[in-house]
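Please open the model in your viewer and keep the selection tool at hand. The stops below say what to select next and what is to be found there.

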Amino acid sequence: MDFLQNKFFLIALTFGFYLGAQLLQKRTGIKLLNPILIAIAAMIAFLLMCDIDYDTYKKGGEYIDFWLKPAVVALGVPLYKQLSSIKRQILPLLLSELAGCVAGIVSVVLLAELFGATREVVISLAPKAVTTPIAMEISNAMGGIAPLTAAVVVATGIFGGMTGFKIVKMSHIHSPIAGGLSIGTAAHAVGTSAAMERSERFGAFSSIGLTLNGLFTALLAPMILGLLGYSM
Amino acid sequence: MIIQFGVLFAFLAIGEFLVNLTGIAIPSSIIGMVLLCASLKLGIVKLGWVERLSGFLVHNLGFFFVPAGIGLMNCLGIIADQWIPIVFATVISTFIIIAVTGWVHQLVRSASSKLSHKYAKEAE
């Protein structure tokens with residue numbers, strides 16, 4: 001049974017689950033069959049059933065993880081294509097991002113406290129809106145649980161990607177720029193790839209959202225957490 | 001295709017170098033993204049050099065998050081104990097971020113366009 005722990009087998013299986021879910025989602029039109037969500041759930045079920053631990057999976061998984069960084073660099077291209085419309089509204093962009101960043105951190109911290117989360121968990125949730133490398137860094141530095149942060153970040157991205165456009169509509173946000181921007185702010189790169197499927201323009205503004213919120217969160221989260229009573 | 005990989009990894013490497021040099025708390029990939037965008041604007045990098053690979057990576061971004069998500073299996077205990085605050089805080093806060101960001105953007109934009117309208121009129 002050692003073959004089940006082979007890293008190439010585990011990589012192939014990850015692709016397989018993702019592709020299978022993608023196909024199923026296309027055939028049935030059921031949004032909940034999100035390929036990221038299904039691939040994660042199916043893979044966890046498989047690993048638990050075969051009694052394989054995460055560190056063993058990671059020997060294969062890290063080769064997929066590896067592409068996350070170049071993929072974030074690649075977001076510079078859609079960003080470049082929208083530069084002229086960004087320049088025209090630099091003030092609305094900066095102000096709305098600042099508001100979104102602060103509202104996001106403060107709201108998740110207060111809500112988690114309200115629902116009775118422990119200190120470690122509150123800190124782990126605080127940077128949940130931004131992409132994994134930034135979020136894990138903050139969580140680690142402030143005394144949170146980095147793997148929990150990573151999981152919550154991915155879950156937030158999937159949720160935001162699936163429901164983001166509905167929330168935008170419900171909140172009476174009419175401009176596609178504001179819509180794309182807010183999805184990227186709330187649901188980082190996963191939300192951005194959902195926005196990219198709508199249109200390149202949506203996607204580009206979503207990538208501005210993820211970039212600016214990433215920067216603001218990296219700079220402000222420690223201070224905001226400190227003000228809320230969670231200093232290092 | 002080699003040039004496409006070369007350019008993207010070069011920008012990532014520059015990001016890593018800058019993080020190493022300055023100890024700044026911003027991920028190397030974000031720095032690489034901003035620098036790539038700037039270099040395209042300045043004409044240092046041609047769009048054709050990066051367009052194909054970056055298109056592929058951007059459109060499949062979600063897939064690269066799968067291993068991080070599987071890391072969930074290492075904290076099933078904490079999640080089982082505290083799933084209520086984790087789920088509710090995350091969902092409601094995501095709602096709040098989208099609404100606040102979108103509202104402020106629309107508000108500032110309509111305010112600034114009214115302002116510029118007013119100045120234009122006064123100038124007449």
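The tour goes from the contact between the chains to the domains and then to single residues.

This is a predicted model, in which local features need pLDDT of at least 70 and side-chain atom pairs count only at pLDDT 80 or more, while totals for chains, interfaces and linings use all residues. Residues are numbered from 1 along each chain as its sequence is written, chains are lettered from A and ligands numbered from 1 in the order in which they are written, and side-chain values use heavy atoms, with hydrogens and water left out.

**Stop 1: the interface of chain A and chain B**

Select the residues of each chain that touch the other: 94 residues from chain A and 69 residues from chain B take part, where contact means heavy atoms within 4.5 Å. The area buried between the two chains is about 7,400 Å², with carbon and sulfur atoms giving 82% of that area; buried area here is the accessible area (1.4 Å probe) that two parts lose on being put together, summed over both. On the chain A side, highlight Tyr54(A), Val73(A) and Phe115(A), which supply 9% of the area that chain A buries against chain B, more than any other three residues.

Now show the side chains of Glu16(B) and Lys69(A), which meet in a salt bridge at 3.0 Å, N to O. The count between chain A and chain B is 2 salt bridges, each defined as a side-chain nitrogen of Lys or Arg within 4 Å of a carboxyl oxygen of Asp or Glu. Next, colour helix α7 (residues 90–114) of chain A, from which comes the largest share, 14 residues, of the side of chain A that touches chain B; helices (H or I, at least four residues) are DSSP runs, numbered from the N terminus.

**Stop 2: the domains of chain A**

Colour domain 1 (2–66) and domain 2 (75–227) of chain A separately, bearing in mind that domain bounds come from an automatic or database domain assignment. The centres of these two domains of chain A, taken over C-alpha atoms, are separated by 25 Å, and 6 residues of domain 1 of chain A are in contact with 4 residues of domain 2 of chain A. Between them the two domains of chain A bury about 450 Å², 80% of it on carbon and sulfur atoms. Pick out Lys31(A), Asn34(A) and Ile36(A), the residues of domain 1 of chain A that lose the most area to domain 2 of chain A, together 68% of what that side buries. The count of salt bridges between these two domains of chain A is 0.

**Stop 3: Thr192(A)**

Centre the view on Thr192(A), which is found in helix α11 (residues 176–198) of chain A. Is Thr192(A) buried or exposed? Thr192(A) is buried, with a relative accessible area of 1%, given that buried means under 20% relative accessible area, exposed over 50%, and partly exposed in between (1.4 Å probe, protein chains only). Leaving aside neighbours within four places in sequence, Thr192(A) is in contact with several residues, among them Leu75(A), Ala187(A), Gly203(A) and Leu210(A).

**Stop 4: chain B**

Chain B is divided into domain 1 (1–59) and domain 2 (74–124), and 28 Å separate the centres of these two domains of chain B, taken over C-alpha atoms. Select Leu21(B), which lies in helix α1 (residues 2–22) of chain B and is exposed, with a relative accessible area of 59%. Finally, draw a distance from Leu21(B) to Gln106(B), 85 residues apart along the chain, whose C-alpha atoms are separated by 39 Å.

How values were computed:
Helix = DSSP H or I, 4+ residues; strand = E, 2+ residues; numbered from the N terminus.
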